[in-house]
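Please keep the sequence and the coordinates at hand.

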Amino acid sequence: MSSRLRLATTAASSPAPTPRAPHFALSAATERVHSGTLSPEDAHHLFDELLRQGTPVHERSLNGFLATLARAPPSAACSDGPALAVSLFNRMSRGPGPRVAPPTVHTYGILMDCCCRARRLDLAFAFFGRLLRTGLGVNVITFSSLLKGLCDADQADEAVDVLTRRMPELGCAPNVISYSILLKSFCNDRRSQRALELLRMMADKGACVDVVAYNTVIDGFFKEGDVAKACDLFHEMMQQGFSPDVVTYNSIIDALCKARAFDKAVVVLRQIVDRGLVPNAVTWNTLMASLCKHGRSKEARDIFDSMAMKGQKPNIISYYIMLHGYATEGCFVDMTDLFNLMVGDGIVPDHHAFNILINAYAKAGMLDKSMIIFEEMRQRVKPNVVTYLTVIDALCKKGRMSDALKRFNQMIDEGIAPDVAIYRCLIQGFCTHGGLVKAKELICEMMNKGMHPDIVFFSSIIDSLCKEGRVMDAQVIFNFIIHVGLRPDVIMFSSLIDGYCLVGNMMEALRVLDAMVSAGLEPNVVVYGILINGYCKLGKIDDGLNLFKEMSLKGVKPTTITYGIILDGLFQAERTVAAKEKFHEMIESGIAVDIGTYNTVLFGLCRNNCSDEAIALFKKLQAMNVKIDIITLNIMITEMFKLKRIEEAKDLFASISATGLVPSVETYHQMMTNLIKEGLLEEADNVFSSMENAGCDPNSQLLNHVVRVLLDHGEIVRAGTYLSKIDEKNLSLEASTTSLLISLFSRKGTCQKNINFLPAKYQFLAVAGCS
């Protein structure tokens, strides 16, 4: 049986078809447009039959069908409903003979709307011209289509001309809807001041200004951050006798939430209720979403509970907001309880709700729990591609590549097509965890399906492998990328060059540089900087300097970073005079000198025993009001201790807060170890206390070093205190600390009487030393 639409037909002996048959055919066609199953071929076949029979169709049926086509989203059956509507109209109105139905003003309005939706304003105005020639006249609805089309095409100023000039010329007075189209357009374009001028024009021309018009402009000012104008307009609206509605208050609450004025937003919420208005779901959800976004899910839950008390049942969006808020804050018990409450309230959880839970547990590393929820989800609702992406990504990050691949195959078996994000996740996972063969296989599979991964994705993989020291694996991926026809860019080449430099293989780094030039890509300042840094790290400063000269000769201007690399290399090579010359060259060349450069010079001078010059430069920076950072102060504090200028070191430490800076772990590290070496043990303890009070967590390196320095100075009791800190914070005892403990207690006279001062966890080391 043909799937095409047909008019009702009968045998020869049967009576003629009733006049209602075309109406039923169009109704059936309209339903198929709604369901996305009407193809252009079927529609044209229907019109063939309508034109052949010449039976008039009621204009309402025809206009309804065309209007449905005009608003139909693209579907597998029909990719462009508006274009099809225009085509069918042209068929029915072209040439002599019977008409399906005479077009009306409404029909032309629908066609103009079609053209505007298709961004074909030229055709819309052509239909408008045809309408004028028919003598049918025009109405506000016809003009509304044109106004909206002009606004959607970013021609709002032209729309104003149509509204103020063309409409009156054709005897059509703009109404509040006509003005509202333009008000909304101006506000969406962040031109709320222009919208306000139009609002004033409405009032001057006696147009019907309503609360909706005021709301549109008030909301526009709030969204632009112009709170003062929004508030002024709000008060003006009330003075004009318009009572604010829930939409007005929603705009105010949204603006207050964005300004993090949550307490004021709650006050406005109370005002809504006090005025006898009923807050809608948008009101509650706006406040809850903002609170959750800023980590205040407990307060958001209070708002959520208030909804039910005020007779407003939370909708599924409300639950999404709260579930996501709990998930973000890691409140898994609250999240699960709320999920169960949602089910108890009769709201069936969908993909989005399950995805929130699965993603929350996966991000927290609770993969087993995540998989339990995933299996539960499969019993209730079919997972979508987002669900599988969440699960596969979590498995890949844990290195469980066989499980990730199993889920990948499972989604394909369930008829869910993997997208680019799924392939990227698996490819990155296999590259990271050593499955390069499978990664290459997936790349080919992805490309065979017409998905072309961009070069940025592969650059990130190569960069990650190189930073892990796996430059040979990076080279394998690099070669494969070229093999499949992708063209590496400068960023990818520079990542691979950097990888070889990091492992000290400058010969291979230069080989990649040559390949880059052969590919038609010129090295930029970043590439030169990577190579120069590579030479400097290997102590081959002359090779670095030669490359620095080559760069300049080729017209590549060195940057602040490039000079910083050279300066650091020269200071490391103890070529202090050359470093100072290069620093002056940098200043004379007009290259910006930032605090990082000054820190490099200060540290280099201190390391090469040029203390006086370092102190003089530091004082010069202070006199110049250069904004120093904590690294600058760390360098100078360390140097003052080295020079036995203890009071000056302590003064620098005390000045940190006055400069608006915060001590780093390294600052506390230098202060404590140096104070202990100077025998100022109580002061060192005070520094540690201030560190804890400031909320700065000591790391393993600091605590281990402090323990070793104390043990070296025979302070076993104090060392035991800091060993307890290592234990409390679940940090590791470094090998050098362990070795020192055993060595110390193997010395005569430091045995049993001191063991009890150590935490029980470490006493066995001392016993090992004693034995």
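Does Lys644 count as buried or exposed? The model is a predicted one, and in it Lys644 counts as exposed, because its relative accessibility is 57% and the cut-off for that class is over 50%. Its side chain meets that of Glu678 in a salt bridge, with 2.8 Å from N to O.

Side chains of opposite charge can pair when their charged atoms come close. Over the whole structure, a search finds 41 salt bridges. Some of them share partners, and in this way Asp157, Arg191, Arg194 and Glu197 are joined into one network.

Arg165 and Glu169 both belong to helix α8 (residues 156-169), where they are four residues apart, about one turn of the helix. Their side chains form a salt bridge with an N to O distance of 3.3 Å. Arg165 counts as partly exposed because its relative accessibility is 40%, and Glu169, at 48%, also counts as partly exposed. Helix α8 holds Glu158 as well. With a relative accessible area of 40%, Glu158 is partly exposed. The C-alpha atom of Glu158 is separated by 18 Å from that of Arg200, a residue 42 positions away along the chain.

A further salt bridge joins Arg400 to Asp403, whose closest N and O atoms are 3.0 Å apart. Arg400 has 31% relative accessibility and so counts as partly exposed; Asp403 has 29% and counts as partly exposed.

Ser290 lies in helix α15 (residues 281-293). Once neighbours within four places in sequence are set aside, Ser290 is in contact with Cys257, Lys258 and Phe262.

What lines the largest pocket? Rolling a probe the size of a water molecule over the atoms shows where empty space is left. The largest pocket holds about 290 Å³ of space. Its lining consists of 16 residues, and those nearest the centre are Arg71, Asp113, Arg117, Ser145 and Lys148. Three helices, α3 (59-71), α5 (105-117) and α7 (140-152), each supply at least two residues of this lining. By residue class, the lining divides into five nonpolar, five polar and six charged residues.

Confidence comes last. The chain averages a pLDDT of 85, and 92% of the residues score at least 70. Which residues have a pLDDT that stays under 50? Residues 1-20 do, and for them the model has 25 contacts beyond four places in sequence. Where pLDDT is low, the predicted coordinates should not be read in detail.

Note on methods
Residues are numbered from 1 along each chain as its sequence is written. This is a predicted model: local features need pLDDT of at least 70, side-chain atom pairs count only at pLDDT 80 or more; totals for chains, interfaces and linings use all residues. Side-chain values use heavy atoms; hydrogens and water are left out. pLDDT is the predictor's confidence in each residue, from 0 to 100. Contact means heavy atoms within 4.5 Å. A salt bridge is a side-chain nitrogen of Lys or Arg within 4 Å of a carboxyl oxygen of Asp or Glu. Buried means under 20% relative accessible area, exposed over 50%, partly exposed in between (1.4 Å probe, protein chains only). On a 1 Å grid over the protein atoms alone, a cavity is a set of points where a 1.4 Å probe fits but cannot get out, and a pocket is an open set with protein on both sides within 12 Å along at least five of seven lines; lining residues have an atom within 4 Å of a point. Grid points are joined across faces, edges and corners, and a volume is the space filled by probe spheres set on the points. Ala, Val, Leu, Ile, Met, Phe, Trp, Tyr, Cys and Pro count as nonpolar, Asp, Glu, Lys and Arg as charged, and the others, Gly among them, as polar.
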